[in-house]
Amino acid sequence: MKFKSMLVTSVAVLACAGAAVADPTATPFEINGELRVRNENDNRDFNSNTDMKSFSLMRTRIGINVHPAADMSVFVQVQDSRVQGQVPSSTTPGVQENGNLDLHQGFFQVNNLGWQGFGIKAGRMEVSFGNERLIAPDAWNNVSTSFDGAMATVNHGRFNGQLLWANLAENDTPSIGSPDFQNKTDATMQAGFGTFGVNDNANVDVYAINERDKGAVTPDDNMDTFTLGGRVHGKAATQFDYSVEGAYQMGSQDTGPSTQNDIGAYMVGGEVGVTLGNEARPVRFGAGVDLLSGDDNGTDNKQKAFNTLFGDNHTFYGLMDVVQPASSSSVASGGLQDIKVNAKATVWSNEYNSFAVGGEFHNFRLAEAGTASNALGNEVDVHGTWAYRERFMPTVGVSAFMPGDAVPAPVGSTKADNSYWFYAQGTVSF
């Protein structure tokens, strides 16, 4: 019933908004949305004796952006994400009675508040910092990431800045006078990002991210991580592009009532590219390397594995998502070394259509493996995208992962087998 009531309410609100279009005195607004369906065929278990899994994901979004006054907007976006055919609470196949409809974004934004270029934004929102290595919406994910919090923005000349406060987990009781869970298990994030255009061919990004997670009522697993980093990126001449980035993490992670690990980790990465061809049909070739520190000693009080926080790992470390660096939701102590080459070309375009193909190759190794092998393996990704009238975008891709000795063998096998993955996705936006 909750799903039905939310759906009816959403439809009613949008219907009322649609009726207001005919009224020239109504508050200006826009309605937008997206429907994305993706089928995946997956045998990423490194076991050739098991059958390939086939499943389809669907994500539906609809939003309304209202402008009550100049430099002021309110955006509300609902989202439903599901595995097609999966029925959470019904015995009737194909009939869904309890869906996943929820508020994905809901925020107000005021620009030029007090002085030109200063703005505030508060509510639930997607957040993107720079190249999205550490904070990103994670668009490939069927749910994607949004944050509850507030953001201040500054745009002045060549400088753009964002200052974010986000509530990652709220466990204080709202009951007045109740002593339960008072500021004992909350998780918050404070982050700042700034980018400065040195000239037309060079930009400098700097960022600082502090994540604090109190974990439990007892102070036995509190975590405080501070990440400081920067990136230089831009173009050289007209056809060359470059990006060089580095970050360092420090802080502490409690391991008991009176013990803790000191955090000291780093990340460096860079890529260069060259674009050939004309503007309508560009061809880009790129090569790069990423190094994320790992922990070479799991028994001391040092935590040296770099944490990618809320970054877009799918884009950086292989489309198959087999190799996952340490993140806020997972721990990988070995770190990562990724040497990669890639290419992308627009092979055909006209007034209504464009078709692009691309591919990438990754050689993955553990940054720290002790006495064991550090060879994770090689990954090859090939994909093609067709954009029709800028609204319909079908995409297909196929990937293969050839595991190295550092990938454990499946149960009952002596060696990990090659794994393959195929997807076909269609997206319509309006």
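**Notebook: contacts and salt bridges**

I began with contacts (heavy atoms within 4.5 Å), and of those in the chain between residues at least 6 apart in sequence, 55% join residues at least 24 apart. I noted that this is a predicted model, in which local features need pLDDT of at least 70 and side-chain atom pairs count only at pLDDT 80 or more, while totals for chains, interfaces and linings use all residues. Residues are numbered from 1 along each chain as its sequence is written, and side-chain values use heavy atoms, with hydrogens and water left out.

I then looked up the elements and found two helices and 19 strands; helices (H or I, at least four residues) and strands (E, at least two) are DSSP runs, numbered from the N terminus.

Next I searched the whole structure for salt bridges, each a side-chain nitrogen of Lys or Arg within 4 Å of a carboxyl oxygen of Asp or Glu, and the search gave 16. Arg38 pairs with Glu40, their closest N and O atoms lying 3.0 Å apart, and both residues are buried (under 20% relative accessible area, with exposed over 50% and partly exposed in between, for a 1.4 Å probe and protein chains only). I also saw that Arg38, Glu40, Asp42 and Arg44 are linked in a network of salt bridges.

I turned to Glu271 and Arg284, which form a salt bridge with closest N and O atoms 3.2 Å apart. This pair links distant parts of the chain, with Glu271 in strand β12 and Arg284 in strand β13 (residues 283-292), 13 residues apart. Glu271 is partly exposed at 22% relative accessibility, and Arg284 is partly exposed with a relative accessible area of 22%.
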